[in-house]
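These are my notebook entries on a structure that I had not examined before. I set down what I looked up, entry by entry.

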Amino acid sequence: MRQARIYQYTLPVTAGLFLRDQRLTQREGLVVELSEGAQRGWGEIAPLPGFSQETFAEARHALIAATAVWCDHRNIAMPQLPPSVAWGLSIAQAELDQRLPTPSSFQTVPVCTGDPDALFAALGHVSDGPHSGGPHSDDPSDEAKVKVGEYEVARDRLMVTTLLDAIPHLRLRLDANRRWRPEQLAAFWCGLSQAHQARISWIEEPCCDPYQSLAQAEALGVPLAWDETLRDSDDTGLKESDHVRTWVIKPTMMGDFAQVNQSVTRAHALGKIAVISSSLETSLGLTQLSRVASSLTPNVMPGLDTLGVFEQQLDRTWPGANQPLIPLDDQPLIWVNTL
């Protein structure tokens, strides 16, 4: 016998969270629970406002229809589903089939707001005092992510330089969210010393036009990472250019588990770094993404440091997180089907 249950959650998020210049006060999503015999699996479906191609209402409608097909023992046409629905259903099926890897390091690259002392703590080190820069770690794998492009180029450059000077082994992943004009990208990059440039792992989506980003990368040697471009562009040459170092793979916005696996495999075949990244999933979704990252990209720290925007955790606890845990059964059950 097969049964599908769909829960809807609404969790408050911290004040001051903006997505594409729109304030987000709560995170709304769905959780599907698939059961067959004694086996069960769960998956989160949470389109990201302003980024996902489908709305929450569209995802909910598609999920209900797809789970009805699943309960009837028919094959679900995953490529025809909205990406968030395909991802949630496929990860629930993988968990039900015990194909979802269980071991996980539950590690993530920390997102830094510019305070070296806070970054010391996030990396597991202890600072001697405000902006003291010591003692330092000898671990060459120290890496953090910094958002740039929200303020003046000079301020971004000062923040990056300060962090790199404070932590000698630190490498930075920079994410501009397509906020820079080409001349701003050039001013930022050329204003860094060569030693500091060498410690920038990549700059993710620097310009609104990816062709402008690529042109600057070719001219200046900027290491690029694609995120939206992987999903928005049909230009294979753009995505596979030698100047693109990294593919940032966000399963919620990409599709089912098989497609995510294929994208990682393709990136590796092209000699690129593949990094699994979150789309503001709850603790339930993040723990599953961590397990996927541990399996598909074991040598690359994933970008999952987004739980801090939530005031609560959902059903599963992220190790070390302090937010209270809300059981899934406390969320509204909106649909059940048994066949």
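**Entry 1: Thr-113**

I began with Thr-113, which lies in the loop between strand 6 and helix 3 (116-122). Helices (H or I, at least four residues) and strands (E, at least two) are DSSP runs, numbered from the N terminus. I noted Thr-113 as exposed, at 74% relative accessibility. For this term I used the following limits: buried is under 20% relative accessible area, exposed is over 50%, and partly exposed is in between, with a 1.4 Å probe and protein chains only. From Thr-113 to His-169 I found 18 Å in space, C-alpha to C-alpha, and 56 residues in sequence.

**Entry 2: The model and its confidence**

I recorded that this is a predicted model, in which local features need pLDDT of at least 70 and side-chain atom pairs count only at pLDDT 80 or more, while totals for chains, interfaces and linings use all residues. Residues are numbered from 1 along each chain as its sequence is written, and side-chain values use heavy atoms, with hydrogens and water left out. pLDDT is the predictor's confidence in each residue, from 0 to 100. I read an average pLDDT of 92 for the chain, with 95% of the residues scoring at least 70. Over residues 126-140 pLDDT stays under 50, and the model has 29 contacts for them beyond four places in sequence. A contact here means heavy atoms within 4.5 Å.

**Entry 3: Aromatic pairs and charges over rings**

How many aromatic pairs are there? I applied this rule: rings of Phe, Tyr and Trp (its six-membered ring) pair if their centres lie within 6.5 Å, and planes under 30 degrees apart count as stacked, over 60 as edge-to-face and the rest as tilted. The count comes to 3 aromatic pairs. One of them joins Phe-106 and Trp-318, which I noted as edge-to-face because the ring centres are 5.4 Å apart and the planes stand at 85 degrees. Phe-106 lies in the loop between helix 2 (83-96) and strand 6 (111-112), and Trp-318 in the loop between strand 13 (313-314) and strand 14 (325-326), so the pair ties together parts 212 residues apart in sequence. Phe-106 is partly exposed at 29% relative accessible area, whereas Trp-318 is buried at 9%.

I then turned to Trp-180 and Phe-188, whose ring centres are 4.9 Å apart with planes at 35 degrees, so this pair is tilted. Trp-180 is buried, with a relative accessible area of 3%, and Phe-188 is buried at 0%.

I also looked for charges over rings, which requires NZ of Lys or CZ of Arg within 6 Å of the ring centre and within 35 degrees of the ring normal. The charged end of Arg-2 sits over the ring of Trp-70, 4.3 Å from its centre. Arg-155 lies over the face of Tyr-151, at 3.9 Å from the ring centre.

**Entry 4: Nonpolar cores**

A nonpolar core is a set of buried Ala, Val, Leu, Ile, Met, Phe, Trp, Tyr and Cys residues joined through side-chain atoms within 4.5 Å. Which members of the largest core touch the most other members? Among its 73 residues, I listed Leu-170, Leu-172, Leu-174, Ile-200 and Ile-203. Beyond four places in sequence, the contacts of Leu-172 include Ala-144, Val-146, Val-160, Ile-200 and Trp-202. Another core of 23 residues lies apart from the largest one, with Cys-71, Leu-81, Ala-86 and Trp-335 among its members.

Helix 4 (residues 153-166) has 14 residues and reaches 20 Å from its first C-alpha to its last, close to the 20 Å expected at 1.5 Å a residue. The expected span is 1.5 Å times one less than the number of residues. Buried residues of helix 4 include Val-153, Asp-156, Val-160 and Leu-164. In helix 2, I found 14 of its 14 residues buried. Gln-98 follows helix 2 and has a positive phi, near 60 degrees.

Pro-210 lies in helix 7 (residues 210-220) and is buried, at 13% relative accessibility. Not counting residues up to four places away in sequence, Pro-210 touches Trp-226, Thr-229 and Leu-238.

Asn-177 is not a glycine, yet its phi is positive, about 50 degrees. I placed Asn-177 in the loop between strand 8 (171-175) and helix 5 (182-190). Asp-315, also not a glycine, has a positive phi of about 70 degrees, and lies in the loop between strand 13 and strand 14.
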